[in-house]
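Here is my note on the model you sent, arranged as numbered points. Please read each one with the coordinates open.

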Amino acid sequence: MRDQRFKKENLLHKSDYYKIHTALYFSEDKKVIVKEPLDISPNSLTAARLINEFEMGKTLRHDNIIRYIDLVQQDAQVFLVSEYFESMPLDAYIAENDFEIEDFLTIARQLTEAISEIHRNNRIHQLITPSNILINPETKQVKIADFGRATYNYETKGDINHFINSVPCISPEQTGRMNRMVDYRTDFYSLGITLYQMLTGRLPFDDRDTADTLELVHCHLAIPVTPPHHLNTCTPEAVSQIVMKLLAKTAEERYQSAHGLKIDLSRCLDQLRSTGTIEPFPLGQQDFTQHLRISQKIYGRELEIQTLLAAFERTSAGRAELMLEAGYSGIGKTMLVHEV
C-alpha cells in the first residue's frame, strides 16, 4: 500500500464490522494493533466510528486506557493503529473464570480510575461493556478500549438506534424512552453492568425473557435488578450495594463522581486486606462532583403524577377516561406530562 506505515501480520479477530490484526509499526519499530472496517465505502458508518474512536482517545494517557497511536487514511480505507496489549476481552475471561473478591476490587478500581480520566478530559465513553475492556489474564491489568461511540461531555437525548447492538449494557436514559438526558453518569450504569457480570457471571436481566429489544429496554427502565450477593453468596453485601448504586435507574441516585466510587472501592479493599472481611458502611460519603447538574427529577407533583398513573392503569384495563390538565402559563403542565 502507498504511504505504508505498518505491515499487517496475524488476524486476531473478525466481526461483522471490523478486522483486527497485529502489525509492525515502522516509525516506532514495534508491534501494534491495526483495526480496519470491512465496509470501505467513502460514507461508511464503521469508518466514521473508527475516526471518532481515534479523535476521542488520542489525547488520553492512562495505564488503564488503550493508547491510540495513529490513524492512517488511504483512498477510501481507514486504519486505526493502537498499542499492543497482551490480553483478551473481559467478557471472554468472565466466561472461563471466577473472580476472587480482592481481584474483583482491584480491577473495579482500575476501571474507575480510567473512567475518571475520561471524564476529567470532558468525554463520555458511552459504551463501557465487558467486550470493550481488555484484561491481561496473568497481571489482571485492564484497559478500556473502543471509543467509537464516545462524545464530549454535554447533555444529549438518548436514542436506542445508536446502541441497538449493545442494548443489554446501555443505561435507561440512553434508550431515549425516559424523560432524562444522557450525561457522564451513563458510564457509571454501564460500569455497574460490567461489575455485575464479573460477580455473577451473567447480565442483570438474563433470568427474564429478554430476546426482544423492547423487553430489554423495559427491564432497564422499570425492572429491579437482583442484588449480586443474592446470586453469588461469596459477594460481600457492601460490594453488592456499590454495584446496585451504580445500577440505579435515574442518574441522580448513582455515584456522581468516579472519585466517590473509588473511595468506596478502596475502603472495601482496605477492609479485606486488613481484616479478611468487608462490613457494610454508608456509601458515597465523599462522592462530590465538580459538574453543576440541575436535577431532571420533578418535585412537588407526587399527587398529580399518581392520579395520572392511576388513570392510566384503569384505562389499560379497558375503561375509557378523559383527563384534563389546567393551570396558569409556566406552572409546569407540560413538564408534568413529560414526566409521566
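1. F147 counts as buried in this predicted model, at 0% relative accessibility. Its ring forms an aromatic pair with that of Y68, with 6.0 Å from centre to centre and 85 degrees between the planes, which makes the arrangement edge-to-face. Y68 is likewise buried, with a relative accessible area of 3%. The pair links distant parts of the chain, since Y68 belongs to strand β4 (residues 68-74) while F147 sits in the loop between β9 and β10 (151-152), 79 residues apart.

2. F6 counts as buried at 1% relative accessibility, and F79 is buried with a relative accessible area of 7%.

3. Strands β1, β4 and β5 belong to an open sheet of five strands, in which the order is β1-β2-β3-β5-β4 and the pairing is antiparallel. Because β1 and β4 stand at the edges and have a single partner strand each, one side of each is left without a neighbour in the sheet. From one strand to the next, the twist averages 30 degrees. Helix α1 (residues 45-57) packs on this sheet, where it touches β2, β3, β4 and β5, and its direction makes about 145 degrees with that of β4.

4. Six bridges join β1 to β2, the two running antiparallel, and H13 has I20 in β2 as its bridge partner. Strand β2 (residues 18-25) then pairs with β3 in the antiparallel sense over eight bridges, and Y25 has its bridge partner in β3 at K30. Four residues lie between the strands of the β2 and β3 hairpin, where D29 takes a positive phi near 50 degrees.

5. How many of the residues of strand β3 (residues 30-37) are buried? Six of the eight are, so β3 is largely enclosed by the rest of the structure. On the side towards strand β5 (residues 77-83), four bridges join the two strands, which run antiparallel; V34, for its part, has V81 in β5 as its bridge partner.

6. A separate point concerns the open sheet made of three strands, which has the order β6-β8-β9 and antiparallel pairing. Its edges are formed by β6 (88-89) and β9 (142-144), each of which has a single partner strand, so one side of each is left without a neighbour in the sheet. Strand β6 pairs with strand β8 (residues 133-135) in the antiparallel sense over two bridges, and M88 stands opposite I135 in β8. Helix α3 (residues 101-120) packs on this sheet and touches β8 and β9, its direction making about 30 degrees with that of β9.

7. On the cysteines, a search of the whole structure finds zero disulfides. The closest cysteine sulfur to that of C169 is in C219, and at 13 Å it is too far for a bond. C169 counts as buried at 10% relative accessibility, and C219 is buried as well, with a relative accessible area of 0%.

8. H220 lies in helix α5 (residues 213-222) and is buried, with a relative accessible area of 0%. Leaving aside residues up to four places away in sequence, H220 touches V167, P168, C169, I170, P172, Y189, I193, F205 and K249.

Notes
Residues are numbered from 1 along each chain as its sequence is written. This is a predicted model: local features need pLDDT of at least 70, side-chain atom pairs count only at pLDDT 80 or more; totals for chains, interfaces and linings use all residues. Side-chain values use heavy atoms; hydrogens and water are left out. Buried means under 20% relative accessible area, exposed over 50%, partly exposed in between (1.4 Å probe, protein chains only). Two strands pair if DSSP finds at least two bridges between them. Contact means heavy atoms within 4.5 Å. Axes are lines fitted to C-alpha atoms, for helices over the stretch in contact, and angles run from 0 to 180 degrees between N-to-C directions. A disulfide is a pair of cysteine sulfur atoms within 2.5 Å. Rings of Phe, Tyr and Trp (its six-membered ring) pair if their centres lie within 6.5 Å; planes under 30 degrees apart count as stacked, over 60 as edge-to-face and the rest as tilted.
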